[in-house]
Structure formats: C-alpha cells, structure tokens
Amino acid sequence: MKIDPRQIPDGGLTLSGSLPASDYDLPPGETQGWDKIHYDLQLVRTGKEVTVTGTLSSDFKITCSRCLDFIPWKLIIKDFCQVCQVEEDSLLDLTPLIREDIILALPLAARCELDGAGRCPYSGRVFTPSDRDDFAEKRRATVWRDLDRLKTEN
C-alpha cells in the first residue's frame with residue numbers, strides 16, 4: 001500500500017478497504033482461505049512526518065495445535081500505529097509496516113475452545129485432562145516446591 005503524502009489534506013485522510021493478502025508475503029503455513037486484509041486507517045501529516053493509525057483485520061482458517069483441524073480465526077489489530085518520515089517527492093510505502101504488525105499478531109499456537117465436557121467443536125474429539133497440556137501445571141508445582149525449599153532453608 002503506497003500513499004503520496006502530498007495528497008494528505010491538512011485535516012487528515014481516512015482510508016478504508018481491502019488488500020490482497022498475497023501482496024504481503026505472509027509466512028506460508030497452516031492457514032486456509034486467507035485472501036484479504038481489511039483496513040480502516042487515518043493518516044495525518046505534520047511537517048515531514050505522517051502518522052498512520054487505525055485497524056487491520058482478516059478472517060481465515062488456521063490449524064489448531066490441539067486437534068490439528070482447521071478452525072476459523074479472526075485476526076484484529078485495533079491499535080495499528082506508525083509514524084513515518086517522508087521525503088518531498090517519495091511515496092510512503094506501508095506494506096512492510098502492515099506485514100510486520102500482522103506477523104506479530106499471529107498466534108504462536110492457535111487452539112479451539114473446548115466445551116465443558118472437553119470436546120472440540122470442530123473435530124468432535126474429547127480431550128481428557130491427561131490429554132491437555134499439563135506441562136504448565138507441572139512446572140508451576142516445581143517452581144513452588146523449589147521456592148518452599150528456599151523459604152525453609154532461610
């Protein structure tokens with residue numbers, strides 16, 4: 001997304017629409033149906049700086065790290081904010097800035113929400129407590145045990 005800063009009026013400029021996700025060289029991976037990035041941006045020019053704020057969003061399917069099925073995912077970046085230095089005759093390219101914020105907002109390990117019985121709403125598999133990640137609980141218990149030992153030694 002390239003913008004000519006000279007065309008930003010004194011009161012600012014509001015842009016909204018959709019961009020093709022393929023233009024953003026997003027990391028290939030465990031997604032399906034990711035074709036559009038929706039934006040609603042406000043641009044304000046102050047001297048040689050342009051402040052860009054707004055929201056970015058996209059709907060697609062991502063692989064669940066628990067059941068390995070594709071689950072619907074809504075990516076929303078509500079606080080997109082960039083301050084860019086601009087030259088007189090150059091265009092402002094927001095593409096790398098938008099790409100960076102999207103990559104940072106992607107989940108490391110997306111997971112579906114289990115119902116009260118531990119059932120995945122997409123695959124129908126039931127995950128018992130032993131199937132769930134209990135590493136965090138074990139680690140937490142180890143940490144508290146070690147801290148209790150320190151407390152009794154002193």
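Q: Is Thr-51 buried, exposed or partly exposed, and what is the relative accessible area?
A: Thr-51 is partly exposed, at 27% relative accessible area. Buried means under 20%, exposed over 50%, and partly exposed in between, with a 1.4 Å probe and protein chains only. The model is predicted: local features need pLDDT of at least 70, side-chain atom pairs count only at pLDDT 80 or more, and totals for chains, interfaces and linings use all residues. Residues are numbered from 1 along each chain as its sequence is written, and side-chain values use heavy atoms, without hydrogens and water.

Q: Which residues is Thr-51 in contact with, leaving aside neighbours within four places in sequence?
A: Gln-42, Leu-43, Val-44, Gln-82 and Val-83, where contact means heavy atoms within 4.5 Å.

Q: And what separates the C-alpha atoms of Thr-51 and Cys-84?
A: A distance of 6.4 Å, although the two residues are 33 residues apart along the chain.

Q: Changing topic, how many salt bridges does the structure hold?
A: There are 2, a salt bridge being a side-chain nitrogen of Lys or Arg within 4 Å of a carboxyl oxygen of Asp or Glu. Arg-6 pairs with Asp-4 at 3.0 Å, N to O. Asp-59 pairs with Lys-74, with the closest N and O atoms 3.3 Å apart.

Q: Which parts does the pair of Asp-59 and Lys-74 tie together?
A: Asp-59 lies in strand E5 and Lys-74 in strand E6 (residues 70-85), so the pair ties together parts 15 residues apart in sequence. Strands are DSSP runs (E, at least two residues), numbered from the N terminus.

Q: Asp-4: buried or exposed?
A: Asp-4 counts as buried because its relative accessibility is 16%.

Terms used. Helix = DSSP H or I, 4+ residues; strand = E, 2+ residues; numbered from the N terminus.
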